[in-house]
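Q: I am new to this structure and would like to learn how to read its features one at a time. Could we go through it together?

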Amino acid sequence: MASKNVETAYAIDRAFNRRDYQSVRALLAEDVTYVDTSTGRVYRGRDEFIGFMKGWVEALSNAEVWEPSYHDAGDVVVSQFIARGKNDGALGALPPTGKQLNLSFCEIVRFDRKGQVTTVHG
């Protein structure tokens, strides 16, 4: 049986796939931080975290977390998945290509004692 933290990480990914940002918000600590190591950008708070997710949907309107796996390490979960979708919107400064995009992701997700996500390093 998966730990509560693994279940929470999985629930966030499922909610993203449904574009259910309210469900994501409920699983995040108020002062959550997402560190995007590929760009060096840091997103602070629930609104910026959700904005980060919405940015992916703007770049890939059918974006989804695909083939996820979760590794339990107590108050940390390591999540690996493919971020995939059709690049039909700008991705940062890059114009849309109209092509399918498949990116391998690894996220280190930390939880507080209440089971809410406090930090994610992606």
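Q: Where does Asn87 lie?
A: In this predicted model, Asn87 belongs to the loop that runs between β4 and β5.

Q: Is Asn87 buried or exposed?
A: The general idea is to compare the relative accessible area with a cut-off, buried being under 20%. Asn87 has a relative accessible area of 6%, and it therefore counts as buried.

Q: Which residues does Asn87 touch, leaving out residues up to four places away in sequence?
A: With those left out, Asn87 touches Ala59, Leu60, Pro95, Pro96, Thr97, Gly98 and Lys99.

Q: Where is Gly89 found, and what does Gly89 touch beyond residues up to four places away in sequence?
A: Gly89 is found in the loop between β4, residues 76–86, and β5, residues 100–111. Setting aside residues up to four places away in sequence, Gly89 touches Glu58, Ala59 and Pro96. Gly89 has 8% relative accessibility, so it counts as buried.

Q: How far apart are Gly89 and Arg14, in sequence and in space?
A: Gly89 and Arg14 are 75 residues apart in sequence, and their C-alpha atoms are 22 Å apart in space.

Q: What is phi in Glu67, and where is Glu67 found?
A: Glu67, also a residue other than glycine, has a positive phi near 50°. Glu67 is found in strand β3, residues 64–72, and at 53% relative accessibility it counts as exposed.

Q: How many helices and strands does the protein chain have, and which pattern do they follow?
A: The protein chain comes to three helices and six strands, and read along the sequence they follow the pattern α-α-β-β-α-β-β-β-β.

Q: What does the radius of gyration tell us about the protein chain?
A: The idea is to set the value beside the one for a compact globule: with 122 residues, such a globule would have a radius of gyration near 14 Å, and the protein chain has 14 Å, which agrees. Along its principal axes, the C-alpha trace spans about 40 × 30 × 25 Å, and 41% of the 122 residues count as buried.

Note on methods. Residues are numbered from 1 along each chain as its sequence is written. This is a predicted model: local features need pLDDT of at least 70, side-chain atom pairs count only at pLDDT 80 or more; totals for chains, interfaces and linings use all residues. Side-chain values use heavy atoms; hydrogens and water are left out. Helices (H or I, at least four residues) and strands (E, at least two) are DSSP runs, numbered from the N terminus. Buried means under 20% relative accessible area, exposed over 50%, partly exposed in between (1.4 Å probe, protein chains only). Contact means heavy atoms within 4.5 Å. The radius of gyration is taken over C-alpha atoms; the globule rule is 2.2 Å times the number of residues to the power 0.38.
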